[in-house]
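Me: I would like to learn how to read the interface between two chains, and then the form of one chain by itself. Could you take me through both?

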Amino acid sequence: MIETREPTGYRQRQRRKLTFARLSFYTFLALIAVAWAYIFVEGDSGFTLLLEGRTWDNAGKFLTRLAGAGQDERPAFLQPEQWWATGRLAYNTLAMSVLAIGIAGFGAFLTFIFAARNISSGSLGGTPSRLGAAVYYFLRILYAFTRAVPELVWAMLIVFFLSPGILPGALALGVHNLGIMGRLAAEVVEDMDPAPARAMRASGAGIFQIFLYAILPQTLPHFITYLLYRWEVVIRTTVVVGFVSAGGLGLEMRLNLSFFHYDQVTLLILWYLLLVTGVDFLSAWMRKMARFE
Amino acid sequence: MRPARPLLESPHFLSLLLLGAVAWSLTGVAWGEPLLHTGGGDSALDMLLALFPPDLSPAFLLVCLQAAWHTLSIALASITLAVLIGFPLGVMASGALVSPDSRLRAPLMLSSRFVLGTVRSIHELVWAVLLVAAIGLSPLAAIVALGLPYAGILGRIYAEFLEDTPEEPLTALRSAGASSWQTLVFGRLPMCTPDLVSYTFYRFECSIRSAAILSFVGIRGIGYEIQLSLGDLLFSQVWTLLLALLAIVALVDFWSGRVRQSLLES
């Protein structure tokens with residue numbers, strides 16, 4: 001009789017691995033249960049509001065005011081001159097998003113190569129050095145920190161010393177995205193095919209030649225693709241950063257909400273959606289250009 | 001030899017376009033006026049120097065801990081909501097529920113994709129501002145404001161994962177007489193569970209950051225405390241709070257990395 005026993009070590013390892021994933025899953029479920037319980041117990045969760053008629057009345061009123069009903073003049077989003085007036089804000093918002101991507105792109109482009117492990121360890125070219133390793137860890141920590149602090153918090157900090165305008169918003173978005181772009185680009189370098197770089201090194205090329213002719217051609221299309229994807233995210237976030245740093249659609253939206261000019265808010269949201277859709281299309285078109293053959 | 005691309009599709013044109021766009025965006029900055037506030041440089045320096053050391057007094061660490069848990073609980077609650085809304089919509093959007101030649105398929109897929117796309121295109125903070133105006137300031141508003149856009153993102157990615165499963169096992173199931181429902185439960189879902197789980201975990205990480213900034217509309221949590229400390233110019237407290245946020249995100253990142261690894265290896 002042929003024994004069809006699986007190797008026991010493998011089985012056991014598999015079972016242990018599964019229990020870690022499963023244990024994590026149960027822990028996560030328990031955390032969720034505790035979180036919901038906490039939200040209900042801790043204070044007014046707002047869920048009781050849902051049972052009151054008043055809440056729904058208010059919400060309905062809010063929606064009708066957004067739709068521009070119940071006011072004497074024509075709602076703002078039906079007046080061409082209002083579209084023109086807020087168009088300037090949309091233009092600024094677009095400029096802010098492009099500037100932010102520019103800052104993130106240049107910052108990441110100048111540094112990502114030193115944040116790749118295979119470069120700093122010298123496995124692609126050059127010699128491994130203490131300095132290279134130190135720069136590697138410094139950049140990785142810098143990326144992690146700029147990435148972990150949300151855009152809005154960066155904006156709150158930056159408006160402390162920069163004059164209002166599109167620059168503080170763009171800087172806040174740029175710094176946050178620098179961390180994201182840097183990490184993504186460095187990982188692309190780590191995952192790339194080392195053969196061209198090694199071949200160049202073997203034939204005596206210097207580190208800059210290797211960078212220009214072996215690393216850049218492989219990584220640049222990925223880099224630009226990621227950058228364009230981030231642009232789609234950034235344009236959605238410009239509004240939020242505009243809430244705190246003056247400039248763009250965000251500030252105007254917040255002001256109009258506090259003045260109860262809800263038809264204006266609708267107009268701004270329409271502009272926002274137009275920008276978001278437009279950038280999505282532009283980015284898709286440009287990503288097609290960046291693809292390699 | 002590769003065929004030459006038309007100018008409008010060439011990578012060089014793209015590089016020019018991108019550089020031109022950035023140059024254009026620089027014109028939007030008011031260069032004529034001073035870029036810094038009066039005394040702005042000094043407050044930037046104060047802010048930096050306050051890192052040495054951050055405020056580590058026990059009383060403030062307790063505040064930090066409370067704020068962190070607040071943020072975490074909002075993130076956990078909203079990710080539950082996002083999965084509850086996003087998963088059914090994602091399954092519908094993937095078209096896995098109906099047989100490939102059903103007439104219901106296209107309308108079902110398109111309508112669920114449209115819903116997912118709409119909730120996704122509005123940023124969570126814009127949702128929060130609108131919801132607070134509509135139903136008032138409460139954790140509920142925060143959870144819904146975070147849950148909706150995250151449901152849109154999760155649903156779209158779930159749909160993509162479900163569509164990308166290899167066809168052969170599904171064809172085998174179908175030819176053995178399985179319904180679309182059975183193909184989904186016993187074919188597609190088990191095949192992409194690791195992807196689904198690890199992506200949800202990644203989004204949970206993101207939702208912690210998002211929950212922290214929701215405080216901007218008045219929800220308590222890390223962002224709220226940051227705002228308070230900034231208002232009082234207590235920069236060393238701001239640093240403590242930022243480091244706390246960093247620590248939570250790093251912890252969840254580490255955890256999700258371990259889970260992903262163990263799911264992939266098993």
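Reply: Buried area is the accessible area, with a 1.4 Å probe, that two parts lose on being put together, summed over both; here chain A and chain B bury about 6,600 Å² between them, with carbon and sulfur atoms giving 78% of that area. On the side of chain A, Phe160(A), Phe161(A) and Met289(A) lose the most area to chain B, together 10% of what that side buries. This is a predicted model, in which local features need pLDDT of at least 70 and side-chain atom pairs count only at pLDDT 80 or more, while totals for chains, interfaces and linings use all residues. Residues are numbered from 1 along each chain as its sequence is written, chains are lettered from A in the order in which they are written, and side-chain values use heavy atoms, with hydrogens and water left out.

Me: How many residues of chain A and chain B are in contact?

Reply: Contact means heavy atoms within 4.5 Å, and by that rule 76 residues of chain A meet 70 residues of chain B.

Me: How many salt bridges does the rule find across the interface of chain A and chain B?

Reply: A salt bridge needs a side-chain nitrogen of Lys or Arg within 4 Å of a carboxyl oxygen of Asp or Glu, and across this interface the rule finds zero.

Me: What does the radius of gyration say about chain B?

Reply: First the elements: helices (H or I, at least four residues) and strands (E, at least two) are DSSP runs, and chain B has 10 helices and zero strands. The radius of gyration is taken over C-alpha atoms, and the globule rule is 2.2 Å times the number of residues to the power 0.38. For chain B the radius is 24 Å, well over the 18 Å that the rule gives for 266 residues, so chain B is more spread out than a compact globule.
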